Amino acid sequence: MANPAWTLTAVAIAVPWLAAILVAAIRRQVRGIAFVACLVSVVASVLLLSAAPARESLDEALMVLFSCLSAGAILVLPRRDCTRGTMGGILFLLGSTLLGYSTGNLLVLLAAWILSTAPFFVERWFRALTWRPRIGMLLSSVALVLATALIAVNGHDMSIDSLKGRSPGGMVVFGLLVVAVMFRKGICPAHAWVADAAEGGPVIPTALLLNGHFGALLVAKLIVPLFPYTSRNLFPVISYLALATALYVAIRAITENSPRRLLAFLAVSQSACILAGLESRTAEGITGALVHWFVVTVCTMGLFGVLRLLEVRFGENLTASRYLGLAEHAPRLAVFFAVFGLALVGLPGTLSFCSQDLLIHGTLASHPLTGLLLPMATAMNAVSLFRLFARLFLGKRHTGFTVMADALSRERWILAAGVLFVVFGGLFPSVIVARRSAEAEAVEQATIYQPPMNTDERR
Amino acid sequence: MEGPTPSSAIFYGAISIHAGAYLLLRVQPILAQSRLASALVVAVGLLTALHGTIVGRVSADAKTSLAYASLTQVGVVFVEIGLGWKWIAVAHILGHATVRTLQFLRAPSMLHDYHLMHSAVGGEFSPTGQVLEALFPERAQLWLYRWALDRGHLDTILDRAVVHPLMRLSSLFARLDRIGLAPTTTRRDEATLALRSHAGGRSM
């Protein structure tokens, strides 16, 4: 009889893929089919999470988060975007991302990594205005392919568990994995593709791609456990790169007037903090990073969702260069935008405050400079976010537009669920933090170096 | 100070104005370990008190002058904390919060009261608060007056030292980000181009 966990994982991954094919074949009820498929993934992931031990539940928790996020995205998606292609792409992305989260095999992880970017290479689906998004994703995939090939050439087993602590392939593989993370997560100087992708591509699917956080997953799942010795010595470099990215992108966002690009910069800046926390090698910092992972994912998805709804209602050329006064017509969307924005930049009372607090304490303990500069990046992000909110929603609208075009009830419910998550998470943080703390201890244990019997460390 | 008076009274007269002083009080044992840190707190307090009292003297409306008076008192509280007079600082905070909240709440009706008193005494009161100013030479008085009117040039200093360099840096980063791209590759640029071509087409 098949292992129930394996069966549930297969269901969570296969159902969205099958639904993607079904959506391509059947032209009617596209949103309904996609939503049901996401719901099946949510249920399967929740069952997996409830069965997983606390210390080893990170993958399952991420599966629940991403499948919920996809279900929400499908509900929020405006009717204009609700095409077979978009739905199929989102479902394919969901299946690939869940495959990446759930796997313990390096080859499968590589396949998931590549598959999750596949829709973004289809010209009709993802129409980027520049060449950078595709090159960024391509280079990250090439780096991971080379790293995996080198590990395979050295005769290692492809199971991640059996590779733990063995530093397979030595410094070369470590370097390639870091390059893959840099390109996938948009770490400086490879950050520009993220803004280009957000501006040129379909907003909500692109936000889903970014919120898969495959870069952080590679760090937590592969780099830290496989290279404990190398990462102990060289990880501060990644930490400083992440800090530089958080600061650089936060400064860059100050003069940006395109709302899509600005939100992409904020997402990159905040998600760079996740890397800094994962690298801190303290239980506090890693817990903060894992909680922040959840917060950034929900908040950026909410912000991009609200922005898309505004674009559909008021035109796609929204700009932060003047006051647009949209709150007059869409007060609920204004409130959702404000709450998600404040939650992203660590307003006390929201879950982000707890995650930022843990992150800063953890990084202060391991790297005081990083710990001191991270709050500056967050403060600058807050300035940019307030500017964007003020320009979009405040002021007087000078057009003849008089129709109330606020959030529909379908959109309201799903955005309200996101708001409840960040607000109740902030009011009762122990529910979320305790579980992440157990997972963080497991990640922290993996960074403790134990000399293995046979390593390629010195190569 | 543009908000409603009751909220000004609570936030700027009682709670938020003293939050920094309260934080310093909580870390006072750590401050006491370092003479440099204590001296720094005293210096910041003195500068704040001086700035507040000078700028407050040229404020033309009641709430702004009360706000600067609050700043002056908070500066003095900082000095007390820096000198290690913890309990004096606590008493000062409590007393100041109470009196200042009352003053803020009374601010809207204060002018009305003044007019009543002026009519009762048959003219305005003699001007007060010009003793200290008279000690300075006339040129210094004029310079100080201009300095106070511009609130110590603090906004200009912040603009020049922080905001403008940051904006220039951000613009430089934006230019760096566009390396290797064609001149018009943003959504906004495309929209502008489309509008221009549309306008051109109509005029032809």
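A residue is called buried when its relative accessible area is under 20%, exposed when that area is over 50%, and partly exposed in between. This definition will be needed at several stops of the tour. The model on the screen is a predicted one.

**Stop 1: a salt bridge in chain A**

Select A:Arg332 and A:Asp406. Their side chains meet in a salt bridge, with 3.9 Å from N to O. A:Arg332 belongs to helix H15 (residues 331–344) of chain A, while A:Asp406 sits in the loop between helix H17 (368–393) and helix H18 (409–427), so the pair ties together parts that are 74 residues apart in sequence. Are the two partners buried or exposed, or in between? A:Arg332 has a relative accessible area of 41%, and is therefore partly exposed. A:Asp406 has a value of 10%, and is therefore buried.

**Stop 2: the largest nonpolar core**

Next, select A:Leu310. This residue is one of those with the most contacts inside the largest nonpolar core, which has 156 residues. Others in that group include A:Leu91, A:Leu177 and A:Leu392. Now colour helix H14 of chain A, residues 283–314: this helix gives the most to the core, with 18 residues.

Return to A:Leu310 and display its surroundings. Leaving aside neighbours within four places in sequence, A:Leu310 is in contact with A:Gly315, A:Leu318, A:Leu326, A:Ala330, A:Leu333, A:Leu392 and A:Phe393. Another core lies apart from the largest one; it has eleven residues, among them B:Leu25, B:Val74, B:Phe78 and B:Ala89.

**Stop 3: a buried lysine**

Select A:Lys185, which lies in helix H8 (residues 170–185) of chain A. Is A:Lys185 buried or exposed? Its relative accessible area is 8%, so A:Lys185 is buried. Which residues does A:Lys185 touch, not counting those up to four places away in sequence? They are A:His213, A:Gly215, A:Ala216, A:Val268, A:Ser271 and A:Leu275. With A:His213 there is also a polar contact of 3.1 Å between the side chains.

**Stop 4: chain B as a whole**

Of the 204 residues in chain B, 28% are buried. Consider next the contacts in chain B between residues at least 6 apart in sequence: 68% of these join residues at least 24 apart.

**Stop 5: where the two chains meet**

Show both chains again. How many residues of chain A are in contact with chain B? There are 21 of them, and they are in contact with 19 residues of chain B. The size of an interface is often given as the accessible area lost when the parts come together. Here chain A and chain B bury about 1,800 Å² between them, with 54% of it on carbon and sulfur atoms. On the side of chain A, select A:Leu129, A:Tyr248 and A:Ile251: these residues lose the most area to chain B, together 27% of what that side buries.

Seven residue pairs are in polar contact across the interface, counting pairs with both residues at pLDDT 80 or more. Colour helix H9 (192–200), helix H12 (228–254) and helix H13 (259–279) of chain A, the elements that give two or more residues to the side touching chain B. Helix H12 of chain A gives the most to that side, with four residues.

**Stop 6: salt bridges at and beyond the interface**

The interface contains one salt bridge. To find it, select B:Asp177 and A:Arg252, whose side chains meet at 3.0 Å, N to O. B:Asp177 is in helix H8 (residues 154–177) of chain B and A:Arg252 is in helix H12 of chain A, so this pair joins two chains. Both B:Asp177 and A:Arg252 are buried.

Then select A:Arg261 and A:Glu199, which meet in a salt bridge of 3.2 Å, N to O. This pair links distant parts of the chain, with A:Arg261 in helix H13 and A:Glu199 in helix H9 of chain A, 62 residues apart. Both A:Arg261 and A:Glu199 are buried.

Finally, select A:Arg132, A:Asp196, A:Glu199, A:Arg252, A:Glu256, A:Arg261 and B:Asp177 together: they are linked in a network of salt bridges. Over all chains, the count of salt bridges comes to 16.

How values were computed:
Residues are numbered from 1 along each chain as its sequence is written. Chains are lettered from A and ligands numbered from 1 in the order in which they are written. This is a predicted model: local features need pLDDT of at least 70, side-chain atom pairs count only at pLDDT 80 or more; totals for chains, interfaces and linings use all residues. Side-chain values use heavy atoms; hydrogens and water are left out. Contact means heavy atoms within 4.5 Å. Buried area is the accessible area (1.4 Å probe) that two parts lose on being put together, summed over both. A salt bridge is a side-chain nitrogen of Lys or Arg within 4 Å of a carboxyl oxygen of Asp or Glu. A polar contact is a pair of N or O atoms within 3.5 Å; within protein, one must be able to donate a hydrogen and the other to accept it, and residues adjacent in sequence count only if both atoms are side-chain atoms. A nonpolar core is a set of buried Ala, Val, Leu, Ile, Met, Phe, Trp, Tyr and Cys residues joined through side-chain atoms within 4.5 Å. Buried means under 20% relative accessible area, exposed over 50%, partly exposed in between (1.4 Å probe, protein chains only).
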